[in-house]
Amino acid sequence: MPHSVDEALRLDRENDNDLWTKAIEKEMKNVRVAFEFHPKGEIPVGHKPVGVHWVFDIKLGTLQRKARLVGNGNETEVPKEITFSSVVSRESVRLFFLIAALNDLEVLSADIQNAYINATTNERIYVKAVDAAFGSDAGRPRKIVRALYGLCSSGARFRSHLAAVLRDAGFVSSKADNDMWMRPATKADGTKYYEYVATYVDDILCCSMNPQKTMDRLAKSYTLKAESVKEPYLYLGADIHKHYISEAEDPEKTIDGRCPRQNIQNGLYLTWKSNSAR
């Protein structure tokens, strides 16, 4: 695993491929919006310098190379306000799937690409990067204007941004769990129910009669990772399974000998099987 851009590029040359090069180029394309250049290359007044570094990884299964440019948040002053992004609790997620099953709702999940840099930062800092990934811009001071990964307040800034997007879409935060969002809706037969969105930083769950509509609304504000909008089979380390029961002879019949009938509505049943090893 490389520890720098130079080392990553060297591995590509040695292996006669461009896997790491493409990963770096993809990250630079996505993250460039986080920086603002002064036309004369001057250091921004009132801003403090901060370093950046690269984090490299290989995705299990596909062996896809991944690269992430990260700010050295340890070099900045710790803000006095909350700096982290809150997340939905496991208990709320269990209730989410129970409600989906009881109301015969569809469930979709999605992952937001480069989530943090969608939000602005209120930290007054700049960076002067010199590695090859910055090309002709290497060495030029640039002001950080977005919530770059690694900075102290980036998690909280993104969470605030996502909350504003959901509120604009008509959702309100649950009083029991601030990361469980709900919106009143009506089925085609006139039955009233609530649509729900659960947020675990950039991992999104939605249950509704038409969850794709909510995902399309989120896609107007964020880039959702390719092929990430789908029915979930894994969430927070737990396996998700969807079952349908029809024409059961025994009204008290259980599924696979595990689950009581009172958890089933209209033949739909969703299981949340936690992996204790995770």
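Is arginine 10 buried, exposed or partly exposed? I looked it up in this predicted model: arginine 10 has 33% relative accessibility, so it counts as partly exposed. Its side chain meets that of glutamate 14 in a salt bridge, 2.7 Å from N to O. Glutamate 14 counts as exposed at 53%.

I find 9 salt bridges in the structure. One of them joins lysine 225 and aspartate 111 at 3.2 Å, N to O. This pair ties together distant parts of the chain, 114 residues apart: lysine 225 is in the loop between α5 and β12, aspartate 111 in strand β5. Aspartate 111 is buried at 17%, while lysine 225 is partly exposed at 30%.

I also checked aspartate 179, which bridges to arginine 159 with the closest N and O atoms 3.2 Å apart. Here both ends are buried: aspartate 179 at 3% relative accessibility, arginine 159 at 19%.

Then helix α2. I noted Trp20, Ala23, Ile24, Glu27, Met28, Asn30 and Val31 as buried. They cover an arc of only 165 degrees around the axis, so they lie on the same side of α2. Glu25 and Lys29, on the other side, are exposed. The cover over the buried residues includes α1, β1, β3 and β4.

Last, helix α5. Pro211, Thr214, Met215 and Leu218 are its buried residues. Among the elements covering them I see β5, α4 and β9.

Conventions
Residues are numbered from 1 along each chain as its sequence is written. This is a predicted model: local features need pLDDT of at least 70, side-chain atom pairs count only at pLDDT 80 or more; totals for chains, interfaces and linings use all residues. Side-chain values use heavy atoms; hydrogens and water are left out. Buried means under 20% relative accessible area, exposed over 50%, partly exposed in between (1.4 Å probe, protein chains only). Helices (H or I, at least four residues) and strands (E, at least two) are DSSP runs, numbered from the N terminus. The arc is that of the directions from the helix axis to the C-beta atoms. Contact means heavy atoms within 4.5 Å. A salt bridge is a side-chain nitrogen of Lys or Arg within 4 Å of a carboxyl oxygen of Asp or Glu.
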